[in-house]
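Please read the following account with the sequence and the coordinates open beside it.

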Amino acid sequence: MSGLMSRLISGLRSHVKQLWWLVALAIFIAYPLIETNPAYTTIGIFTLIFMGCATSWNMFSGYSGYVNLGSAVFYGTGAYTMALLANHLHMAGNGDLFWLVPLGGLVAMIVAIPVGLIALRVRRHTFVVITIAIFFVFQLSAINFSFTGGTSGLQLPFIPWLITDYNLPFYYVGLGIVIFAALLSAAVRRSRFGLQLLAIRDDEDRAAGLGVKVFAVKLTGFAMSAFAVGMGGALYAMFIGQIYPQFVFDPIFDISIALMAIFGGLGTFVGPLLGALVLESTQQLLTLKYSNGSLYLVIFGAVFLVVILFMPNGVIIAVRDGWARRTARREGSVTVGAAVKPGATL
Amino acid sequence: MTNLLKVEGVTKSFGGLQALSGCSLSVEKGSIAGLIGPNGSGKTTLFNVITGYVKPDGGTVTFEGRDITAARPSRVFTLGVGRTFQITRIFPRISVIENMLVATQREESWLRGLTRSKSSSQELAAAMEWLDFVGIARLASLQAGALSFGQRKLLELAYVLVANPDVILLDEPAGGVNLTLINEIADKIRSLNKDGKTFLIVEHNMEFVMEICDAVTVMHQGVNLVSGTPEEVRNNPDVLDAYLGGTDDDDVDVAS
């Protein structure tokens with residue numbers, strides 16, 4: 001009898017990870033059904049958009065070490081694709097607009113190819129600077145071209161849904177983007193391709209000397225990571241109903257995405273999900289509670305100071321290391337911190 | 001015996017510095033070739049030219065009769081030329097076994113990497129076999145950054161071997177390692193050579209070179225000075241001059 005129990009427990013233990021993911025997914029699915037206040041479901045939608053974008057950003061920048069501070073290029077491209085196509089195709093304000101969300105991702109991915117061809121020729125700090133420069137080229141283009149509506153932006157078809165139900169479809173499409181980005185990130189981490197990205201992060205020239213086609217791998221990863229970010233932008237545009245260049249090609253977006261991933265753990269699977277969940281929802285809650293749009297900046301500054309000082313590899317890595325040390329101490333083992341492996345799947 | 005790797009009249013300058021000025025070299029299939037010369041004589045630059053890291057200003061590099069002068073490093077490796085670096089380079093933030101797996105896709109197209117998992121069971125077995133061959137199999141799951149200097153050297157050798165290249169370029173395999181490990185590395189090289197692997201070795205440790213190499217080329221100021229068996233090279237007066245600074249032309253005049 002006790003043997004059966006212990007086998008049951010050990011069986012549960014081996015699946016405990018999947019179990020936690022299912023619980024998390026169930027909570028996310030149930031959230032808008034329990035919390036029906038539109039103010040809070042709106043926070044949920046923004047949080048999901050950022051979770052999807054941060055995870056997708058991390059799939060390239062976190063794994064390869066090429067920190068892209070111009071991801072708003074893809075976000076804005078997705079948003080403008082949504083707005084321009086909806087207007088030019090004279091689409092009605094209804095659920096059909098959701099079909100433009102993956103299209104926004106696709107256009108962002110296509111845009112990522114020439115951007116990558118330019119930016120990925122350089123490394124490290126130079127790469128970061130080039131991505132910022134390219135970002136401003138896109139922002140200025142959106143402001144100055146006539147087809148983008150210039151500074152007055154673009155209006156999307158009005159969606160005449162009741163205020164009580166309006167958020168629900170957006171929320172679940174947002175959740176879909178997060179699941180897509182997470183599955184892609186996990187699949188990449190398990191693939192040979194993902195291993196090549198990690199090798200490029202550690203020593204690009206050595207990887208090339210072991211037969212890794214580094215440029216092709218980098219460009220593919222870069223373009224793939226643009227897809228979910230573009231979808232996020234398209235969903236945002238549809239949800240808000242109007243877009244302005246400054247809000248979709250937003251430098252704060254560039255930095256937020258990177259900081260969310262770094263906060264949670266750059267190059268880890270869970271890190272960006274956790275980072276976006278914590279930071280975006282906190283920011284939105286603070287804005288809602290104190291109707292002060294900048295208060296979060298002060299708090300985030302303090303939080304990041306603490307994270308960078310005490311958890312330079314991100315919250316997830318710090319927690320895991322702490323856990324490993326605790327287990328090691330309890331088991332009387334001396335291999336403290338030996339199993340630390342940044343970049344591994346969590 | 002056929003020439004597996006052939007370098008002809010390679011020149012390369014970095015700004016005003018002429019690193020290689022018409023260097024030629026050939027490596028016979030199945031041999032262990034040595035490349036020696038004083039610091040700054042262009043040995044590592046020649047390695048970089050052969051493996052595609054540096055584009056030469058002139059001259060040609062051929063491997064198995066195929067011109068690889070302008071080929072990229074990944075292409076050169078795919079064709080079958082593996083190398084290690086003077087300053088050992090591994091991937092520190094992934095595990096030892098993952099380091100090995102990076103190298104196993106030698107003949108795979110890059111898109112294939114997206115659709116397949118990190119490793120097949122055969123690749124994993126081959127990787128473990130080579131780790132076992134160099135004697136660090138027990139460290140397979142450790143993060144590679146945790147390895148000692150000597151272990152890193154062995155890992156670098158192992159992951160070049162796992163891709164089964166035809167010729168292996170070793171840049172100072174005995175540099176900075178203790179005597180026991182030097183002998184161990186020499187034994188590995190010999191046993192691999194017996195199985196048909198060709199080597200080209202840059203090394204400052206004369207004892208090591210003279211002991212394991214079939215043919216030795218001496219470089220001096222960017223050109224190949226002398227080639228021959230270790231015995232011939234050892235007794236060549238030009239080599240002694242190059243290494244010891246020896247007799248300048250002026251001194252010769254005075255002496256005569």
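The crossing of α5(A) and α9(A) is right-handed, a crossing being right-handed if the near helix is turned clockwise from the far one by less than a right angle, and left-handed if anticlockwise. The model is predicted, so local features need pLDDT of at least 70 and side-chain atom pairs count only at pLDDT 80 or more, whereas totals for chains, interfaces and linings use all residues. Residues are numbered from 1 along each chain as its sequence is written, while chains are lettered from A and ligands numbered from 1 in the order in which they are written. Helices (H or I, at least four residues) are DSSP runs, numbered from the N terminus.

In this pair, helix α5 (residues 100-119) of chain A and helix α9 (residues 214-240) of chain A have axes that come within 6 Å and cross at roughly 140°; axes are lines fitted to C-alpha atoms, for helices over the stretch in contact, and angles run from 0 to 180 degrees between N-to-C directions. That angle makes α5(A) oblique to α9(A), since angles under 35 degrees count as roughly parallel, over 145 as roughly antiparallel, 65 to 115 as roughly perpendicular and the rest as oblique. Among the residues that make the contact are L100(A), V101(A) and G104(A) of α5(A), together with L219(A), F222(A) and L235(A) of α9(A), where contact requires C-beta atoms, placed from the backbone, within 7 Å. By class, this contact has 19 nonpolar, 5 polar and no charged residues, with Ala, Val, Leu, Ile, Met, Phe, Trp, Tyr, Cys and Pro counted as nonpolar, Asp, Glu, Lys and Arg as charged, and the others, Gly among them, as polar.

L235(A) returns in the largest nonpolar core, which has 167 residues and in which L235(A) and M100(B) have the most contacts; such a core is a set of buried Ala, Val, Leu, Ile, Met, Phe, Trp, Tyr and Cys residues joined through C-beta atoms within 7 Å. The largest share of this core, 14 residues, comes from α9(A). Leaving out residues up to four places away in sequence, L235(A) touches I49(A), V101(A), F170(A), V173(A), G174(A) and I177(A).

Between the chains, 26 residues of chain A are in contact with 28 residues of chain B. On the chain A side, α8 (192-208) and α9 each supply at least two residues, and the largest share, 12 residues, comes from α8(A). The residues of that side divide into 13 nonpolar, 5 polar and 8 charged.

In chain B, helix α5 (residues 121-134) and helix α6 (residues 149-161) pack at an angle of about 140°, with their axes 9 Å apart, and this makes α5(B) oblique to α6(B). The crossing is right-handed. W130(B), L131(B), F133(B) and V134(B) in α5(B) meet L154(B), L157(B), A158(B) and L161(B) in α6(B), a contact with 8 nonpolar, no polar and no charged residues.

Helix α1 (residues 43-50) of chain B has 8 of its 8 residues buried, so it is largely enclosed by the rest of the structure; a residue is buried if 20 or more other C-beta atoms lie within 10 Å of its own, exposed if 12 or fewer, and partly exposed in between. α1(B) is followed by G52(B), whose phi is positive, near 90°.

By contrast, M91(A), in the loop between α4 (72-88) and α5 of chain A, is partly exposed, with 16 other C-beta atoms within 10 Å. Beyond its neighbours within four places in sequence, M91(A) is in contact with A86(A), D96(A), L97(A) and P157(A).

Methods:
Two residues are in contact if their C-beta atoms, placed from the backbone, lie within 7 Å.
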